[in-house]
Amino acid sequence: MRDQQEVHDECARLLIEAQLPEGGWPFISNGRQMAIEPTALALLALPSNLNYEREAAIRALVRTQSANGSWPAFCGDDSHGSGYTGLAAYALSRCREQEMAASRALRWLLQFQGRESHWLWRLKFRTTDRHVRFNPGKFGWPWMPETMSWVFPTAYSLVALRSVHGNWQKRLRESRIRSGIEMLQDRICPGGGWNAGNSVVYESSLAPHPDATAVALLALAGEPSSACVTASLDWLERRGESLSTPWSMAWTILALRKFNRPIQSLADRLCTFALDTEIRDCATAAVVCLALERDNSPNAFMEQS
Amino acid sequence: MRVVKALTTGARQFAAEATIVALLEKPRYGMVRKHPRSRVAILRAESYSQKLFEILRCGLDLFHLDLLGKTVLLKPNLVDYIPGNHINTHPLLVSAAIECFRGLGVASVIVGEGPGHQRDTDLVLLESGMAEALHHQKVRFVDLNRDELIECPLLADYTGLKRLWLPRTILEADFIVSMPKVKTHHWSGVSLSMKNMFGVVPGAKYGWPKNILHCTGIERSILDICATVPVHFVIADGIIAMEGNGPLNGAPRALGQIILADDPVAADATCARLMGFDPEKIAHIRAGAQFLGNSSVAEIGQIGEALQAPKAAFALVKSFAYLRVPQTS
């Protein structure tokens with residue numbers, strides 16, 4: 001079995017090698033198109049001693065930020081904003097001297113909301129379109145404008161907004177955080193866990209996914225203990241035992257670690273199959289790095305409250 | 001009670017008819033890919049076994065495909081994995097297709113898919129058994145959700161989106177084979193070769209699920225995507241199909257057939273008939289028959305097994321019950 005540090009360093013090395021000349025990362029390691037999610041995750045994951053790579057990543061994120069404060073999904077995409085903005089804002093907010101860019105993004109996040117937040121759509125989902133069981137009054141963040149709220153962008157946005165302290169936009173911020181938390185609680189699958197955001201369709205329960213469950217739990221960390229969080233952690237622990245893909249396993253470890261659940265056997269297994277699967281995806285490599293951080297150097301999601 | 005039921009059914013049928021009328025009202029396409037006549041082969045295959053290669057090879061021979069030196073992209077339907085549910089195109093059928101196309105002297109075969117619900121594509125590949133099949137075949141798999149993207153003008157304008165970002169791998173392929181699972185779908189009635197093309201729309205840009213396609217109308221999105229990304233051939237997995245609350249939670253339905261076609265509209269119209277549905281009532285098939293292919297029996301050259309309606313139509317969620325061909329006694 002390979003050592004955790006060895007796998008961590010190997011993923012960090014993949015990130016260094018795959019970094020584009022302009023400082024960002026593509027999804028696939030030999031790609032050329034910078035995407036925001038792998039770039040933000042890599043910035044969160046890169047060890048603090050890699051100053052050159054981190055500075056280049058920060059510059060790339062600042063350069064790709066749209067005039068309205070949001071981020072697109074990838075370099076070249078339109079500038080209307082995407083569900084990765086919360087993640088990018090969170091990554092930048094942890095870097096020195098980037099308060100301005102992060103606060104522009106957070107301001108945009110406060111205005112960006114799922115389509116069901118509009119009364120007309122709420123009316124539609126309460127009257128004529130009731131096949132998906134959800135409460136349209138509880139909305140979060142969508143992947144892109146003019147669409148519904150979903151789990152990943154809502155969780156990313158919550159992580160970003162909950163990392164802000166002090167009085168900045170306090171009332172609006174707290175209202176959006178509350179609404180986002182309630183949206184996640186509303187979309188939980190029967191029995192615990194989350195998928196993309198549809199828990200029951202046509203009276204049939206849909207299965208939860210480990211990555212969506214983990215990211216939702218990270219967004220809810222710090223909330224008073226609840227039955228839905230406990231059920232989701234229990235489900236994630238059980239699911240973790242049968243997982244064998246790096247992306248899902250790494251997110252699972254991050255969430256379980258955050259809630260002080262045992263992770264050592266999962267981390268050992270991640271190390272075993274990380275080599276076999278030959279990680280080529282930069283977002284995955286970054287999440288594996290974060291998951292395998294040593295206990296004495298808590299990762300970005302451990303520090304977030 | 002009966003009056004209420006009749007009124008509800010009538011209202012649903014009226015709404016469906018209105019959608020079809022709206023789609024047909026004004027041509028919204030900038031190209032016509034329809035040939036005077038299409039060919040569809042129905043092949044009998046009772047189970048998933050190693051015999052599939054032979055069955056498929058014989059079926060493909062009927063089409064005399066000239067693919068020498070071409071890059072072939074197989075687009076199976078991989079949505080999610082739920083133990084016991086027949087959601088995805090079976091790995092043995094994909095494996096057989098890889099071997100068959102290699103036998104036709106193609107330059108390369110690639111398998112590509114961008115699951116619409118599950119972000120961890122590797123997990124779906126692994127748990128569905130597809131990863132093992134692809135590894136065995138030494139074939140390249142491209143996660144279309146995370147591929148490099150190119151912005152493309154849409155060749156039809158049913159959604160009003162005008163442009164979509166599409167994966168480079170899809171745009172560079174010479175020959176695209178849609179390999180759907182034959183199943184019912186709670187939002188679109190059926191999920192066949194045309195609906196299967198939702199998987200080419202990248203999640204990295206449009207999210208999971210690809211909600212923009214639902215917001216602009218599923219039927220409309222199907223038409224815009226299929227106009228822009230040509231489906232050159234169809235291999236539909238109807239060996240064990242799905243009925244009821246598809247695409248994830250439906251019940252298995254042993255149909256025992258593989259459907260091959262050189263036209264996605266003809267393939268879907270034939271599959272619909274095999275499911276006991278009237279393709280004229282399926283909005284995207286009826287509108288697609290204006291410019292993407294042929295749906296009427298008269299325009300489809302049937303080869304292989306004869307087309308026979310099932311004894312009982314596939315089960316559907318209530319809102320699509322009107323698709324069923326009325327039983328004649």
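Predicted model: local features only at pLDDT ≥ 70, side-chain atom pairs only at ≥ 80, totals over all residues.
**The nonpolar core**

Begin by selecting Leu15(A), Ala88(A), Ala155(A), Ala250(A), Ala286(A), Val288(A) and Ala97(B), which touch the most other members of the largest nonpolar core, a set of 199 residues.

**Helix α4 of chain A and its partner α7**

Next select helix α4 of chain A, residues 85–93, together with helix α7 of chain A, residues 151–162, whose axes lie 7 Å apart at an angle of about 25 degrees. At that angle, which falls under 35 degrees, α4(A) and α7(A) are therefore roughly parallel to each other, and their crossing is left-handed. To see the contact itself, show Gly86(A), Leu87(A), Ala89(A), Tyr90(A) and Ser93(A) on the α4(A) side, which meet Pro153(A), Tyr156(A), Ser157(A), Val159(A) and Ala160(A) of α7(A). Coloured by class, this contact has seven nonpolar and three polar residues, with no charged residues.

Keep α4(A) selected and ask how many of its nine residues are buried. Eight of them are, which leaves the helix mostly covered; the buried residues are Thr85(A), Gly86(A), Leu87(A), Ala88(A), Ala89(A), Tyr90(A), Ala91(A) and Leu92(A). The cover over these buried residues includes, in chain A, α2 (36–45), α3 (51–64) and α5 (99–111) as well as α7.

**Helices α9 and α11 of chain A**

Move on to helix α9 (residues 210–220) and helix α11 (residues 246–258), both of chain A, which pack with their axes 8 Å apart and at an angle of about 30 degrees. That angle makes α9(A) roughly parallel to α11(A), and α9(A) passes α11(A) in a left-handed crossing. From α9(A), select Pro210(A), Asp211(A), Ala214(A), Val215(A), Leu217(A) and Leu218(A); they meet Trp247(A), Ser248(A), Trp251(A), Thr252(A), Leu254(A), Ala255(A) and Lys258(A) of α11(A). The residues of this contact divide into nine nonpolar, two polar and two charged.

**Across to chain B**

Now show both chains and look at where they touch: the contact takes 32 residues from chain A and 25 residues from chain B. On the chain A side, the residues that touch chain B comprise 16 nonpolar, eleven polar and five charged.

Beyond its neighbours within four places in sequence, Val201(A) is in contact with His131(A), Val132(A), Leu206(A) and His186(B). Is Val201(A) buried or partly exposed? Because it has 18 C-beta neighbours inside 10 Å, Val201(A) counts as partly exposed.

Finish at helix α4 of chain B, residues 121–128, where seven of the eight residues are buried, so the helix is largely enclosed by the rest of the structure. Those to select are Thr121(B), Asp122(B), Leu123(B), Val124(B), Leu125(B), Glu127(B) and Ser128(B). Their cover includes α11 of chain A, along with α3 (91–103), α5 (130–137) and β4 (140–143) of chain B. Just after α4(B), stop at Gly129(B), which takes a positive phi of about 90 degrees.

Key:
Residues numbered from 1 in each chain as written. Chains lettered and ligands numbered in written order. Core = buried A, V, L, I, M, F, W, Y, C linked by C-beta atoms within 7 Å. Buried ≥ 20, exposed ≤ 12 C-beta atoms within 10 Å, placed from the backbone. Contact = placed C-beta atoms within 7 Å. Nonpolar A, V, L, I, M, F, W, Y, C, P; charged D, E, K, R; others polar. Axes fitted to C-alpha atoms, helices over the stretch in contact; angles between N-to-C directions. Helix = DSSP H or I, 4+ residues; strand = E, 2+ residues; numbered from the N terminus. Parallel < 35°, antiparallel > 145°, perpendicular 65-115°, else oblique. Left-handed = near helix turned anticlockwise from the far one by under 90°.
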